[in-house]
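Colleague: I would like to learn how to read a structure like this one, feature by feature. Could you take me through it slowly?

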Amino acid sequence: MEKSPERGLNIHFMDGSTVKVTFPTQSDDKYKRKLMLEEILKRRMLMIEAGDAMHWIPLENIKYMSVYPAAENTDAGVIKGAHFSE
């Protein structure tokens, strides 16, 4: 069985702390991935299963998130080719 490529998520919280999460591709279906993102935004909650536990993170506690690698096909409203620094 071929191993799924790893994806990553850096969550930067309002208090200045950061959490790094790695995970396999959740779905190859672009439509399912879009629905998953819409569900996160609707619930205002990031839900992560890791280490035999569920973690709920309210979006209001998050300053910003960085997801990698960047998606090849993104929505029209995404700024591409940018350089990000803090």
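What follows is a conversation about the strands, the helix, the core and a few single residues of this model.

Modeller: Please keep in mind throughout that this is a predicted model.

Colleague: Let us begin with the sheet; in what order do the strands of the open sheet of 3 strands lie, and which are the edge strands?

Modeller: In general, the strands of a sheet pair through backbone hydrogen bonds, either parallel or antiparallel. Here the open sheet of 3 strands runs in the order β2-β1-β5 with antiparallel pairing, and the edge strands are β2 (18-24) and β5, each of which pairs on one side only. Neighbouring strands of this sheet are turned against each other by 15 degrees on average, if direction is ignored.

Colleague: Over how many bridges do β1 and β5 pair, and what is the bridge partner of Phe 13 in β5?

Modeller: The antiparallel pairing of β1 and β5 extends over 6 bridges, and the partner of Phe 13 in β5 is Ile 62.

Colleague: Is Phe 13 buried or exposed, and why?

Modeller: Phe 13 counts as buried because its relative accessible area is 14%, and the cut-off for that word is under 20%. Asn 10, which is also found in strand β1, is buried at 16% relative accessibility. Leaving aside neighbours within four places in sequence, the contacts of Asn 10 include Tyr 64, Met 65, Ser 66 and Tyr 68.

Colleague: Which residues make up the largest nonpolar core, and which element gives the largest share of it?

Modeller: The general idea is that, in soluble globular proteins, nonpolar side chains tend to be buried together. In this model the largest nonpolar core has 10 residues, namely Leu 9, Ile 11, Phe 13, Val 21, Ile 40, Leu 46, Ile 48, Ile 57, Leu 59 and Ile 62. The elements that give two or more residues to this core are β1 (6-13) and β3 (45-50), and the largest share, 3 residues, comes from β1.

Colleague: How do β3 and β4 pair, and how many residues lie between them in the hairpin?

Modeller: β3 and strand β4 (residues 53-58) pair in the antiparallel sense over 6 bridges, with Leu 46 standing opposite Ile 57 in β4. The hairpin that they form has 2 residues between the strands, and Gly 51 in the turn has a positive phi of about 60 degrees.

Colleague: What caps the N-terminal end of α1, and what follows the helix?

Modeller: Asp 29 caps the N-terminal end, with a side-chain oxygen 2.8 Å from the backbone nitrogen of Tyr 31, while the residue that follows α1 is Arg 44, whose phi is positive, near 60 degrees.

Colleague: Finally, where is Pro 69 found, and with which residues is it in contact?

Modeller: Pro 69 is found in the segment after β5 (62-68), and counts as partly exposed because its relative accessibility is 42%. Beyond four places in sequence, Pro 69 is in contact with Glu 6 and Arg 7.

Technical notes:
Residues numbered from 1 in each chain as written. Predicted model: local features only at pLDDT ≥ 70, side-chain atom pairs only at ≥ 80, totals over all residues. Heavy atoms only, no water. Helix = DSSP H or I, 4+ residues; strand = E, 2+ residues; numbered from the N terminus. Buried < 20%, exposed > 50% of the residue type's maximum accessible area, 1.4 Å probe, protein only. Contact = heavy atoms within 4.5 Å. Polar contact = N/O pair within 3.5 Å; in protein donor to acceptor, adjacent residues only side chain to side chain. Core = buried A, V, L, I, M, F, W, Y, C linked by side-chain atoms within 4.5 Å. Pairing = 2+ DSSP bridges. Axes fitted to C-alpha atoms, helices over the stretch in contact; angles between N-to-C directions.
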